[in-house]
Structures are given as C-alpha cells and as structure tokens.
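Please keep the sequence and structure in view while reading.

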Amino acid sequence: MTLENNRTLAMLRKAEAEGYGVLAQTCYDANCVIGLVRAAERNRSPAIIQMFPVTLEFGKGPWLQFCLNAAHQASVPIVVHLDHATDPEHIELALSLAEQGIAFDSIMVDASHAETDEENIALARPYVERATRYGIAVEVELGRLEGGEAGLRTISDAKLTRPEKALEFVGGTGATILAPSIGNLHGKYINPPNFRQDILQDLQKAFQGSTPLCLHGTDSLPDELFRECIRNGISKININGWGRDPYAKKLAEGLLTKPFPDAVDDAVEVFEEVCEKFFKLFGSAGKA
C-alpha cells in the first residue's frame with residue numbers, strides 16, 4: 001500500500017493550497033468524537049479526530065474502529081490521527097491494529113526526546129517505513145518542544161527547529177508531515193508566546209506542496225497568532241485544552257444536578273461551540 005490515497009495528506013495539502021488551517025481536536029471519549037463530527041458537518045469543515053496514546057491504550061481496537069467509523073461515514077472529510085506516539089509499545093499497538101485492518105489515517109512518531117537529529121531519524125525511520133506499508137501517513141517533530149500534557153513525557157529543554165536541517169531530516173525519516181519547534185510549548189504559557197515566524201517562513205518555502213506543517217502547543221494563543229501561523233504555512237493545528245477543559249467542567253457540573261443524558265448533551269454542546277470557533281478562526285468553515 002502507498003500514501004497516494006491517504007486521507008490526512010489530501011486534507012492538509014488542500015488546506016495548504018487554499019490558505020486555511022485544519023482543526024486537529026484531541027478527543028478523550030465518544031462524546032468528544034460525536035461533538036466534533038456534528039460541528040464539522042454543521043460548518044461544512046474538514047476536521048481531524050486526534051487522540052493521545054493513553055486513550056488508544058485504554059480503548060484499543062474497538063475504540064479506534066468507532067472513531068474511524070464516525071470519521072469516514074461523516075458527510076465532510078474527517079480523519080483519525082494518533083498524536084505523540086513516543087513509547088515503542090504505543091507505536092506497536094497502532095501498527096498491530098493496522099495489521100488487523102483497523103488503521104489510523106495518520107500517526108505521529110515522536111522521537112524528539114532523542115539527543116541528536118541523527119538519533120531521532122534512527123528511531124523514527126523503521127516505524128515510518130512500517131506505517132507507510134499500511135497506508136498511514138506519519139508526522140515527526142524536528143527540534144523539541146518544552147512541556148507535557150495528558151500522559152505525555154514532560155520535556156524541559158526545548159530545541160528550535162533549524163530550517164537548514166529540515167529537508168535532510170524529513171528525507172531521513174521518510175515522514176510526510178512535519179511538526180516544527182518555533183517557540184511553542186505543550187501546556188500553559190507562563191510568558192507571552194514568542195514564535196519564530198522566520199522559521200515557519202523558511203519551512204514553507206522548502207516544503208510547500210509536499211510536506212504539510214503542524215502546529216503544536218496552542219493553549220491560550222491569541223487569534224492573530226493562529227492566523228499568522230496559517231499564513232506562514234501551517235495547515236494542521238492541534239487543539240487540546242481549549243475544548244477539553246470547558247467540556248469536562250460542564251459535564252462535571254451537570255452530573256451533580258441533572259440526569260446523565262442531559263448533562264452529556266449540555267457538555268457536548270459546549271465542546272461543539274469550541275470546535276465551531278476554530279473552524280471559523282482557521283478559515284476551514286465552508287471548505288468541505
């Protein structure tokens with residue numbers, strides 16, 4: 001199998017060509033998945049159902065199959081992506097499910113904890129080659145982001161992406177989506193974010209039309225910074241806490257005073273509102 005018909009790559013390359021971003025919303029349960037799909041269909045927007053390895057490990061094949069069904073049966077383009085697969089057992093789980101016919105559209109093989117680019121390549125490439133055989137596109141990270149969230153490793157020593165190394169790195173790993181480190185971090189920003197847009201601009205020149213760029217570390221970013229990153233080549237935008245926190249808060253509050261179905265309905269509605277905000281902000285509404 002090849003990546004010729006890969007849904008994630010087709011979605012992101014269209015977004016890049018037309019100058020908008022695609023929401024990759026982290027989903028922790030079926031309610032989030034249904035909310036994202038509903039919001040995407042209502043706004044005629046493409047979207048990405050994204051999950052962390054801890055969620056995949058909990059639900060395994062049945063959970064992934066549910067997500068794939070919800071995505072691929074939607075009336076708009078929606079794909080399913082595994083974010084930050086760092087530990088070998090999580091990558092092996094994703095690939096073993098693909099072998100059973102339950103395959104992600106794309107995964108992130110995250111070897112950014114490696115000490116050197118060469119070690120990152122050596123760790124990632126065998127998994128990229130195996131994933132490609134199942135038609136799964138692979139995202140990799142060049143450089144290293146600080147922070148941690150939702151069961152991910154906590155990293156304390158960030159390394160910015162060096163654009164002059166990017167072509168060699170992507171070629172070395174064989175990956176087809178690149179997540180750069182431009183001053184972004186996982187978790188909350190203590191100081192105002194200072195993104196190196198010059199790095200993005202150089203990467204855009206190098207990879208336009210071939211390797212989509214993904215933005216991580218988006219909690220509490222101002223709207224204009226999102227727009228600037230999209231102008232400079234970002235097509236996949238990872239969102240986590242923006243949707244997770246109000247959803248969880250509304251659900252917890254509702255369960256204290258309302259029947260379970262009513263509490264769920266109210267919480268999913270809040271989650272959908274967040275997704276809708278980002279479809280409009282990223283310019284993807286009406287693009288499906």
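Which residues does Asn43 touch, not counting residues up to four places away in sequence? They are Glu276, Phe279, Lys280, Ala285 and Gly286, where contact means heavy atoms within 4.5 Å.

## Basis of the model

This is a predicted model: local features need pLDDT of at least 70, side-chain atom pairs count only at pLDDT 80 or more, and totals for chains, interfaces and linings use all residues. Numbering starts from 1 along each chain as its sequence is written, and side-chain values use heavy atoms, with hydrogens and water left out.

## Asn43

Asn43 belongs to helix H2, residues 30-43. Helices are DSSP runs of H or I with at least four residues, numbered from the N terminus. Asn43 counts as buried because its relative accessibility is 10%; buried means under 20% relative accessible area, with a 1.4 Å probe and protein chains only.

Along the chain, Asn43 and Ala285 are 242 residues apart. Their C-alpha atoms are separated by 5.3 Å.

## Helices H6 and H7

Two packed helices are described by the angle between their axes and the distance between the axes. H6 spans residues 163-173 and H7 spans residues 197-207. Their axes come within 9 Å and cross at roughly 40°. Axes here are lines fitted to C-alpha atoms over the stretch in contact, and angles run from 0 to 180 degrees between N-to-C directions. H6 and H7 are therefore oblique to each other. Oblique is what remains once angles under 35 degrees (roughly parallel), over 145 (roughly antiparallel) and 65 to 115 (roughly perpendicular) are set aside.

From H6, Pro163, Ala166, Leu167 and Val170 meet Ile199, Asp202, Leu203, Ala206 and Phe207 of H7. The residues of this contact divide into eight nonpolar, no polar and one charged.

## Cysteines

A disulfide is a pair of cysteine sulfur atoms within 2.5 Å. By this rule the count is zero. Cys67 is in no disulfide; its nearest cysteine sulfur, in Cys27, is 7.0 Å away. Cys67 has 0% relative accessibility, so it counts as buried.

The sulfur of Cys229 lies 11 Å from the closest cysteine sulfur, that of Cys214, too far for a bond. Cys229 is also buried, at 1% relative accessibility.

Methods
Helix = DSSP H or I, 4+ residues; strand = E, 2+ residues; numbered from the N terminus. Nonpolar A, V, L, I, M, F, W, Y, C, P; charged D, E, K, R; others polar. Buried < 20%, exposed > 50% of the residue type's maximum accessible area, 1.4 Å probe, protein only.
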